[in-house]
Amino acid sequence: YITSLDQIRTLDRKQEVPHDGPMCDLMWSDPEDIEGWGLSPRGAGYLFGSDVVKRWNENNSLDLIARAHQLVMEGYKYMFSQSLVTVWSAPNYCYRCGNVAAILELDENLERRFKIVQPAPPEDRGVPAKRPTPDYFL
């Protein structure tokens with residue numbers, strides 16, 4: 001399993017996410033208020049607790065894990081004494097979740113600031129143009 005940032009650097013990240021293995025685990029694993037590791041209800045990846053985050057951050061000389069790929073209604077959510085943050089960048093996900101989005105900004109001193117992005121009102125949303133079906137699909 002992955003224990004260091006150097007191991008992540010060696011992964012071929014320009015690929016479709018496989019159904020198992022390190023890339024799958026990085027993409028689909030989520031923090032949870034548990035100790036250690038647990039099975040993810042997503043059917044891929046794992047759940048991990050504060051002890052896992054603490055050990056990872058200590059072993060890799062990090063103060064913060066910034067992650068995404070998990071809906072949080074407030075746009076961002078800190079966990080585990082602010083040693084991990086999830087940032088969600090799609091307001092009103094799938095046009096039905098009613099969530100806001102966030103952008104994490106770090107200044108030159110690594111001070112954190114979040115910009116919150118509200119969903120566009122329905123009357124301001126454009127409808128994507130329909131493209132004609134290419135002949136080779138007919």
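D30 forms a salt bridge with R67, the closest N and O atoms being 2.6 Å apart. A salt bridge here is a side-chain nitrogen of Lys or Arg within 4 Å of a carboxyl oxygen of Asp or Glu. The pair links distant parts of the chain, with D30 in strand β1 and R67 in strand β4, 37 residues apart. The model is predicted: local features need pLDDT of at least 70, side-chain atom pairs count only at pLDDT 80 or more, and totals for chains, interfaces and linings use all residues. Residues are numbered from 1 along each chain as its sequence is written, and side-chain values use heavy atoms, with hydrogens and water left out. Helices (H or I, at least four residues) and strands (E, at least two) are DSSP runs, numbered from the N terminus.

Both D30 and R67 are buried. Buried means under 20% relative accessible area, exposed over 50%, and partly exposed in between (1.4 Å probe, protein chains only). For D30 the relative accessible area is 5%. D30 also meets R42 in a salt bridge, at 2.6 Å from N to O. R42 is partly exposed, with a relative accessible area of 35%.

The structure holds six salt bridges. One of them joins the side chains of E58 and K54 (3.4 Å, N to O). Both residues lie in helix α3, four residues apart, about one turn of the helix. E58 and K54 are both exposed. Helix α3 spans residues 50–59 and includes N59. N59 is exposed, at 54% relative accessible area. The C-alpha atoms of N59 and S4 are separated by 7.3 Å, although the two residues are 55 apart along the chain.

Strands β1, β3 and β2 form an open sheet in the order β1-β3-β2, with mixed pairing. Two strands pair if DSSP finds at least two bridges between them. β1 (30–31) and β2 stand at the edges, each with a single partner strand, so one side of each is left without a neighbour in the sheet. β2 and β3 (residues 46–48) pair in the antiparallel sense over three bridges. Within β3, F48 stands opposite W37.

L39 lies in β2 (residues 37–39). L39 is exposed, with a relative accessible area of 73%. W37, L39 and Y46 make a nonpolar surface patch of about 380 Å². Patches are made of residues with over 30% relative accessible area and no salt bridge; like charges are joined within 9 Å, nonpolar side chains (Val, Leu, Ile, Met, Phe, Trp, Tyr) within 5 Å. Accessible areas come from the Shrake-Rupley method with a 1.4 Å probe; for residues, only the protein chains shown count as cover.

A further open sheet of three strands has the order β4-β6-β5, again with mixed pairing. Its edges are β4 (65–67) and β5 (76–79), each with a single partner strand, so one side of each is left without a neighbour in the sheet. β4 and β6 (residues 84–87) pair in the parallel sense over three bridges. A66 stands opposite V85 in β6.

Six bridges join the antiparallel strands β7 (residues 101–106) and β8 (residues 112–117). L106 stands opposite R112 in β8. The hairpin of β7 and β8 has five residues between the strands, and L110 takes a positive phi near 65 degrees.
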